[in-house]
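Please keep the sequence and the model at hand while reading.

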Amino acid sequence: MSSQASVAGKCEDRRCDKPGDPSRKVWYCKACASCLCGVCWDLSPIHSAPGASRHEKLAYLEYLICNRLERILNPPTSQDELEKLHDQDTNTTWFGIERYDDGRPFLQDFETFSHLIANCPRADQVKYPQLVSFVGETSAGKSTLVKMLIDYEESKNDPETISSFPSPVAGSAINDSIPTSADVHLYSDPATWGTERPILYADCEGLNAGERVPMGAHGKRIARLDNSRRLGLRVRPLEWANSDETKTRQYAVTQIYPRLLYTFSDVVVFVLDKPKIFEQAVLPKLFDWASGSLEASTNQGTLPHAVIALNFTDIHVNSNLWKVPNATQALLTANKHVLEPIIGVPKFQKLADKWRRKGKRIHTILDLIHCYYSSFQVVRLPDEKDLLLLSKQVSQLHTTISERCDVAYLSKKRARLLSSAEDFGFYIQQAFSHFSRNLHHPFDFKEYSFRRNPIPQNLGDHILRMAISIQSRHPQETGEWIFEKLGFMVASCFLYDCINYRKGQPQDLFGDYLPNFENALTEFCNMHWPCEFSNKKGRCVNVSKRHESKGHQNENGKVLAAGEYQANFTDKYKVTWMNSLKMRLAELQNDLKKLEEAGAELDDPLISIRQQHMENIVRFFFDVGGASKFTSHATCLCCLMRPPEHALQCGHVLCTNCVKSFGEVGKTTIDMRRCPLHPFETKWERPWKIRVKPDFAGIRVLSLDGGGIRGIVELEVLRQIQRKLGVAIPIAAFFDLIVGTSTGGILALALGVKQWPVGKCIDEFKRLCDQAFTPRELHGVWGAQHLATVHHGSIWRTTPLYKALRESLGTRFLFGGNQDSDTSYCARVAVTTSSDVAKKGVVIANYCRKGSQRNYEFLRPNDPHFEMEMWEAGAATSAAAPYFKPYLHEKTNTAYLDGAFHNNNPVKVGHLERQLLWTDVQNKPPDLFLSIGTSQDRRQVVKELAAREPTRKNHLPDDNTSHAAHVKASSKWRHFVGMVHVGKAAFNVLGDAINCERQWEEFLEISVAQKERSRYMRINPDIKRPPPQLDAKEEIEKLQADVARAVLSHGAELELEEVVFRLIASSFYFDKGKATRSRTGGTATVSGKLQCRFEKSSEWLKQLGYFFRKQQRADFQPYFDIWNGLQKQNKKKASWKGKCLELF
């Protein structure tokens, strides 16, 4: 920000004795077009001469502000300059209507919202964006007003600053017959950009634009669009546009835009350029725009606030009318007659009568407005004759908008509709798809919010999920019926949990669980039980917390009547339900006592409670429609206590505690002979094996980098490790967790889920690369190839990639679903991807776990229907822009980009996931953490890393930097230089082997103690030349040969040998037995056995025996080092002799 002196101005009178003196105030004379200090002003003959006309004095700061406004109000008159401005403004297009070659319209989304949020200052802070939409007739001055708001807020403290925030193109006189703005553009408010609640301005195309193509039409400028922006472009055909009328642009603009903006805006600013015709021009539009959108959503919770911007107001109006309250009241008073019986306006009278029949009290025009808007305010803006007044009114408009946004924020918070930036992005994407498919069916916030819910984190959330599932399958049943049925299951789960895992009597522990029971019921009543009001037009679907804004609405969005939420089932049922739970608990305890008395001879005292609980589960699911009708990937339906982790053959997923309780537990596996949810329907001929980490065993992690065709490097390294092993044990069998990014993600799926041997992976990978990199038309033709890439949004065709992935990985769900083999879960597999425009990392996995990470999102939908298929996970992790288009998961309508934008080396993901999966060893180092890269020129890497290190240190943030300065600097050169150049970053990040090495070094430095680093190994073969491009499929054979030679060097051979020995050693663990404490020495002796992690009598165990046999020689026997971890104690050896391990 400039100092006060820098904006004080300088006297331009040549006779001034102190032209730069900051103590002298400088004035600007518009008549003289010059700046004069106070002394020179009075001495000027034209100002001091007798009879001279009085010239207006403007403070220099005010002059600068007015000068900026004047430049906005007088845009360029050169067609070339205007074209250039419109080209620049193309990158702010949020969404709009375009046409296919055959004339059919489609909705085009450029993900500008995601681009803005991704580049928001303080990206680690949760943002709650607020949307302000500017609508009105064509040429009303909407774009100019938005531009003035942005410019004023950016420059009010420093009028000499250079504009850096994007802003609309103001209308020009040379195109006064053509609309200026096209589509809907999105801009950020400089005043709130760096805050928790950034305000975003949506500049909407004129409502009466008709079929005329505006100056800023995106279709005119598609070839000039920043290529990086095309990565987020998404197209949705308007499925309802099937007639001549519905195919017109006018129809689409007037139907879709209001539905979207009314539904998601906190404030709607109606811009009017003729203040005197409010009754004829504004009121009809105000109601028409809202009436078609009011019923376009249900469970909306809040209505937008309306602000009328009366543009070009005569400056001679009563001075009191420049104040918002006075202007608002004056306008309402001037139009109070519109509802009167004789002199009123018939259209508004009919509208008022309609609402009166619905139970609304309509006495004034403001009452009618409140049926559609939360509040109504008027701000007058003068014409350009008084620029100083205009600047004050622009400031007042911004204040009004900010105040209304504050009110909207609190209202949404009360309605439980407060959306973070990620939530807002999710909802708006769902709305784009919804209104493209069906224009007249309402968008239900309750339905989509349930899809958005994360994995439950407590008992209350799990009970709520179960209640919602019952409700969805029995929509005609009462709330009392749902919770009466659920109460039996909850009581059984509570008793089961208390006896198995808690100390104390269940009745004494009831109080500890009570808040969870109460919260589940309260949340269900507030957010999921619809209003029970009904009439001949239907039943209300709005829930309690989201009912106030629109009253009673049916499932088609029609407002049935005004009135408050009505329901016989409310949270007052809480007392009844708590008493019912206690009664159920007492009954179950009596039944359990009888079971225990009958089975007094049983060795395991927990058998009785497990038997009883399974019988209760069967009874419960029979009463609510059968266990096969209920499946959850977020709640264990066997105990309602934890997230599910282990998928069964029938498609149900249970938590670890439940599979241990109802399965046959071994050291390394749990055999499930039936599903406890429906045991009589699932008696399997062969037990379903669930592989688990033995107690006291460590963790082995394999991490695979991304790199396109260079994935062959990772496979060749694994092939060489397999060769060193010399036995037929799949390499994936030695790892508990395999993580991968992009091509490494595809390999992780093939190795860990498909359980393919390395040789098959190599064959499939080469076939995949050959098909995936299928050229587009004109590929290789200079210039034409670039145009084809711009037109299609990617270098290579995406369809062949998807086809190849389907053929290789298949269409089975990655997690859950009916299974025909239990080998898919031998290893936990996680692949990384990125959401939207790479703003956040996402992990897709074949497992479920509790816990969350701020670093990335763990994708696990509650509804199995929304799970990803195997090939889809491969497509999501490998959607490497600009090589391929973003992958769109159709079931969830979510777009994904290659995981390399955040985790090209996924070592940090592997580290965090293994800590969350195995909490018993989360603070202990893994047995082995093996990271494999996709080749490097080591000499060049070392040089680059050395060069980058000082630069990285020099760019560390200064903790003393003020927030305001940070925001200002960010806004100027960081956040708006071409928006987000994702495409350019793709070339740099995805192809940067150096970046992967740096990520590895940073990980070791931050997360791994020096004494533990021997357990962390990185193999990235040095091929002594720059690695090939990601899509250079013609080099795949040569690259594989180079890697094969590189790993034959002496150092590489020793490194591979160490990996092999660590894999073998980590296949064993110490199975702790009894501990005996010494009476004198204060020490303890622990006895136990060294156990193998491979299943007894398995083929893999036999193959492990072959390995040891190969190592035996006359002068050498394989042995293990045994050490208790204390520095003073020496290691002991456990040698292999015959079939025994002997300690000596």
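A salt bridge is counted where a side-chain nitrogen of Lys or Arg lies within 4 Å of a carboxyl oxygen of Asp or Glu. The model is predicted. Asp1042 and Lys1038 form such a pair, with 3.4 Å between the closest N and O atoms. Both residues belong to helix H33, where they are 4 residues apart, about one turn of the helix. An α-helix has 3.6 residues a turn, so residues three or four places apart point the same way. Asp1042 is buried at 9% relative accessible area, whereas Lys1038 is partly exposed at 47%.

This pair belongs to a network of salt bridges that links Arg1025, Glu1035, Lys1038, Asp1042 and Arg1045. Glu1035 is partly exposed, with a relative accessible area of 26%; Arg1025 is buried, at 18%.

The whole structure holds 44 salt bridges. Another of them joins the side chains of Arg938 and Glu997. Arg938 is in helix H29 (residues 938-954) and Glu997 in helix H32 (residues 993-1007), so this pair ties together parts that are 59 residues apart in sequence. Arg938 is partly exposed at 31% relative accessibility, and Glu997 is buried at 4%.

| Salt bridge | N to O distance |
|---|---|
| Arg938 and Glu997 | 3.7 Å |
| Asp1042 and Lys1038 | 3.4 Å |

Charge also gathers on the surface: Lys354, Arg357, Lys536 and Lys537 form a patch of positive charge there. Lys536 sits in the loop between strand E15 (534-535) and strand E16 (538-539). With a relative accessible area of 84%, Lys536 is exposed.

Helix H22 (residues 743-753) has 11 of its 11 residues buried, so the rest of the structure largely encloses this helix. Among the buried residues are Thr743, Ile746, Leu749 and Val753. Gln755 follows H22 and has a positive phi, near 60°.

For the protein chain as a whole, the secondary structure comprises 35 helices and 37 strands. Of its 1144 residues, 57% count as buried. The chain exposes about 50,600 Å², 50% of which is supplied by carbon and sulfur atoms.

Terms used: Residues numbered from 1 in each chain as written. Predicted model: local features only at pLDDT ≥ 70, side-chain atom pairs only at ≥ 80, totals over all residues. Heavy atoms only, no water. Patch = residues over 30% accessible without salt bridge, like charges linked within 9 Å, V, L, I, M, F, W, Y side chains within 5 Å. Areas by Shrake-Rupley, 256 points an atom, 1.4 Å probe, with all protein chains shown as cover. Lys, Arg positive; Asp, Glu negative; His and termini not counted. Charge placed at Lys NZ, Arg CZ, Asp CG, Glu CD. Helix = DSSP H or I, 4+ residues; strand = E, 2+ residues; numbered from the N terminus. Buried < 20%, exposed > 50% of the residue type's maximum accessible area, 1.4 Å probe, protein only.
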